[in-house]
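Hi everyone, thanks for making time for this. Let me put the sequence and the structure up, and then we'll walk through them together.

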Amino acid sequence: MILSGEIEKIPNGFPEGISRLFCGLNAATSRDVVSAPMAHLLICRGGKRFEYSHDFAPLLINQMDDTLADRPVRGILRKSKKSTTEKVPWKDREDVMWLDSLSNDYLYRPETNDLNLISMYEFTMNWEKSFYSHNGSDKYSFLQGHPGRLFTYCSKREHAIIPRVSYAKMSLC
């Protein structure tokens, strides 16, 4: 063993101990044995062992804080084709880049009785953003100022989800 540039004597039992540790780690991580009923459930559940009653979605508190404080916001940079009233082939339409963020979805949510007085938590739990290429039953347009207003709309979720609140450590106090 080399420590600080000098060759030192290897402690008695060290090679056997490290060998057993690596063998144990290898056995624990690489050879999952699953019974037939569990294998069936893994296939049916898409590789997940547990099934929850509700789905989950992120609720990014820091993103909202940055948006309200006029700081740079992290989000997804999307590229969409600009729609036109003329019959222009899809491939010839102009590309538009826009920042997709959950904070903009909440701030520019449609003005309806259902959405006026709800919190960001409730908005995330019961409403979702969809793209106009998908079919939806109730489509509500985002307000003027939303960067993706031309490409997305807001609709009520079929089933409520559980928002996973996410914020940086020590950022709420």
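Predicted model: local features only at pLDDT ≥ 70, side-chain atom pairs only at ≥ 80, totals over all residues.

Now some overall numbers. Of the 173 residues, 19% are buried. Among contacts with a separation of 6 or more, 55% join residues 24 or more positions apart.

On to the charged pairs: the count is eight salt bridges. One of them pairs Glu16 with Arg20, with the closest N and O atoms 2.6 Å apart. These two sit four residues apart in helix α1, so about one helical turn separates them. Glu16 is partly exposed at 47% relative accessible area, while Arg20 is exposed at 60%.

Next, have a look at Asp100 and Lys129, whose side chains form a salt bridge at 2.0 Å, N to O. That pair links distant parts of the chain, with Asp100 in strand β5 and Lys129 in strand β6, 29 residues apart. Is Asp100 buried or exposed? It counts as buried because its relative accessibility is 6%, whereas Lys129, at 22%, is partly exposed. Both belong to a salt-bridge network that also includes Arg78 and Asp105.

Last stop, the surface. Phe50, Tyr52, Phe56, Tyr121, Ile162, Val165 and Tyr167 make a nonpolar patch of about 730 Å². Of these, Ile162 lies in strand β8 and is partly exposed at 34%.

Notes. Residues numbered from 1 in each chain as written. Heavy atoms only, no water. Patch = residues over 30% accessible without salt bridge, like charges linked within 9 Å, V, L, I, M, F, W, Y side chains within 5 Å. Areas by Shrake-Rupley, 256 points an atom, 1.4 Å probe, with all protein chains shown as cover. Salt bridge = Lys/Arg side-chain N within 4 Å of Asp/Glu carboxyl O. Buried < 20%, exposed > 50% of the residue type's maximum accessible area, 1.4 Å probe, protein only. Contact = heavy atoms within 4.5 Å.
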